[in-house]
Amino acid sequence: MVLRLVFLGPPGAGKGTIAQRLCTAHNLVQVSTGDLLREESKSESGLGKKVKAIMESGQYVDDQTVSKLVENKLASLGGEKGFILDGYPRTLKQAELLESILENLGISLDAAIDIEASDETIVKRLSGRRSCSKCGKIYHVKNIPPKEEGKCDACSSALFQRDDDKPEVVKTRLETYREKTKPLVDYYKEKGLLKAIDANGEVEENMQNVEKALKELG
Ligand code: AP5
C-alpha cells in the first residue's frame, strides 16, 4: 500500500523523529516544510532573508510560498511514491491548497496523524534538540544522544542547535500553533482522516502507536 500522510502536532512533539523512522520502515519520503524552508533561508535572495526572519520569530511563512515548495516537491516524486507531509498544512488555507495540489496529481491522503505532547514534554525536548547539518537526522542531548558528542551517527557531520529553539521563540511557536494549526484537527476529523497519537512516551512506544493507527487504515 502506498501511504500518503499528513503529520500535525505542536513544535517539539516528535513529528520529525517519528517521520524519519516511519519513512525508513515503509519506504516513504519525508517532506518537512521546516527543512525545505531552512534550506531556502540559507540563500542570500530576498525570499531567503524574509523566510529566515519569519522562522526566527516563531511565526509562519505565508501560505503561498510554503505551498509552492510542497507542490514542487510532490510533483518531483510523481504519483507513485508514498510520503509524509511533516508540518504541512499548518493553516486552513494550506489545507485547501493541498487538496488542489493532490487533485492535480490524481492522488489523495490516507490519514492525518495528530502527534500530541504536553507543554512540559515539549520544552524539555526542544531545549536539548540537536540536528545534523548535512542529513537532518534528529538527536537529543539526553534522550537520544549521538554515539559521539556533536557528531551525526549516520554521516559524521556536525550537529547544530536550531535558532528557533530559544525559549522565547518556542513560546511564540506554541502560540502560533494553537491559533493557526489546531483548527486543522477538526478539519481532518470531519473528513474522517484523523488519527490522534499521545507522543509523551518513549520513541519506541510512540512508533508502536503510530503503526497501530496505520494498521487500522487497512
Ligand atoms: P518545523 O521545522 O517544522 O518545526 P516544528 O513544527 O515547530 O516542529 P519541530 O521540528 O520543532 O518539532 P518536531 O515535532 O518535528 O519534533 P522533533 O522530532 O524534532 O518548522 C519550523 C518553522 O518553519 C515554523 O516555526 C515556521 O516558521 C516555518 N514553517 C514550517 N512549516 C510551515 C508551514 N507549513 N507553514 C508556514 N510556516 C512553516 O523532536 C524534538 C526533540 O525531542 C528532538 O531533540 C528529539 O530527539 C526529541 N524527541 C523526539 N521524540 C522523543 C521521545 N519520544 N522521547 C524523548 N525525546 C524525544
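The model is predicted, so a word on conventions: local features need pLDDT of at least 70, side-chain atom pairs count only at pLDDT 80 or more, and totals for chains, interfaces and linings use all residues. Residues are numbered from 1 along each chain as its sequence is written, and side-chain values use heavy atoms, with hydrogens and water left out.

I start with the ligand. There are 36 residues around the ligand, and T17, Q59, R90, R129 and R173 come nearest; a residue is near if one of its heavy atoms lies within 4 Å. By type, that shell has 14 nonpolar, 13 polar and 9 charged residues. Here Ala, Val, Leu, Ile, Met, Phe, Trp, Tyr, Cys and Pro count as nonpolar, Asp, Glu, Lys and Arg as charged, and the others, Gly among them, as polar.

Next, polar contacts, meaning pairs of N or O atoms within 3.5 Å. T33 places a polar side-chain atom 2.8 Å from a nitrogen atom of the ligand.

Which elements give two or more residues to the shell? They are helix 1 (15-26), helix 2 (33-41), helix 6 (119-127), strand 6 (138-140) and helix 9 (203-216). Helix 2 provides the largest share, 4 residues. Helices (H or I, at least four residues) and strands (E, at least two) are DSSP runs, numbered from the N terminus.

Now the sheets. Strands pair if DSSP finds at least two bridges between them. Strand 4 (residues 111-116) and strand 8 run parallel and are joined by 5 bridges; I115 has I197 as its bridge partner in strand 8. Contact means heavy atoms within 4.5 Å; axes are lines fitted to C-alpha atoms, for helices over the stretch in contact, and angles run from 0 to 180 degrees between N-to-C directions.

The other open sheet has 3 strands in the order 6-5-7, with antiparallel pairing. Strand 6 and strand 7 are its edges, each with a single partner strand, so one side of each is left without a neighbour in the sheet. Strand 5 (residues 129-132) is joined to strand 6 by 3 bridges, with R129 opposite H140. These two strands form a hairpin with 5 residues between them, and G136 in the turn has a positive phi of about 85°. To strand 7 (residues 159-160), strand 5 has 2 bridges, and S131 is partnered there by F160. Helix 6 lies across strand 5 and strand 6, at about 50° to strand 5.

Methods
A polar contact is a pair of N or O atoms within 3.5 Å; within protein, one must be able to donate a hydrogen and the other to accept it, and residues adjacent in sequence count only if both atoms are side-chain atoms.
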